Amino acid sequence: ANIPKRYIKLGSTGKAVPGVKIKVNERNDEVLKTPLPENGFSPEIGEINGWGRNVFMGYLNKENETRDALTSDNWLKLGDLGFLDEDGFVSILGKEENFITLTTGEVISPFRIEQRIRLELSCITQAMVVGDGQDYLAVLLTLQTAQDRKSTRLNSVTSRSRMPSSA
């Protein structure tokens with residue numbers, strides 16, 4: 001599809017479709033840290049909320065559940081933390097329960113760190129940031145390896161020749 005560049009930004013989820021509004025409810029209770037764009041933009045990180053006629057009108061005959069799903073001004077709580085950049089693109093950092101809290105009180109989104117490692121280092125197939133309740137973060141990595149067919153074939157022949165015959 002020929003989509004104009006004003007609707008695309010790598011690393012973001014995109015912009016809200018026409019008829020839908022997106023806002024971020026700022027979180028003042030925690031310090032969220034995550035690798036952000038190098039251009040110096042410092043976003044307001046918080047819970048992403050959506051509003052529109054086609055978004056959510058409530059649960060049928062379930063007022064308590066509807067009240068829990070909406071903010072006081074009837075915006076739908078989407079359940080993800082993220083931010084809006086200066087061009088109006090939404091970037092999602094993840095669900096709150098997936099964040100890592102260090103003993104220093106910092107709350108860190110592991111998703112962007114893991115994503116950046118996999119993008120920057122082509123030899124890494126998987127990356128997992130750990131450290132919840134610790135003083136520092138650590139990363140568990142899985143390296144991409146190539147199997148040497150010659151040595152594998154040689155080892156299988158050698159192991160067969162060592163096996164006792166059952167005759």
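In which sense do strand E3 and strand E4 pair, and over how many bridges? In this predicted model, E3 (residues 46-51) and E4 (residues 76-84) pair in the antiparallel sense, with four bridges between them. Within this pairing, Glu 47 stands opposite Leu 81 of E4.

E4 also pairs with strand E5 (residues 90-95). The sense is antiparallel, and the bridges number five. Leu 84 has Val 90 of E5 as its bridge partner. E4 and E5 form a hairpin with five residues between the strands. In this hairpin, Gly 88 adopts a positive phi near 90°.

These strands belong to a chain with three helices and nine strands. From the N terminus, the order is β-β-β-α-β-β-β-β-α-β-β-α. The protein chain has 167 residues, of which 26% are buried. Among contacts with a separation of 6 or more, 54% join residues 24 or more positions apart.

Val 20 counts as buried because its relative accessibility is 19%, and the cut-off for buried is under 20%. Beyond its neighbours within four places in sequence, Val 20 is in contact with Trp 51, Asn 54 and Val 55. The C-alpha atoms of Val 20 and Gly 52 are 4.6 Å apart in space, while the two residues are 32 residues apart in sequence.

Notes:
Residues numbered from 1 in each chain as written. Predicted model: local features only at pLDDT ≥ 70, side-chain atom pairs only at ≥ 80, totals over all residues. Heavy atoms only, no water. Helix = DSSP H or I, 4+ residues; strand = E, 2+ residues; numbered from the N terminus. Buried < 20%, exposed > 50% of the residue type's maximum accessible area, 1.4 Å probe, protein only. Contact = heavy atoms within 4.5 Å. Pairing = 2+ DSSP bridges.
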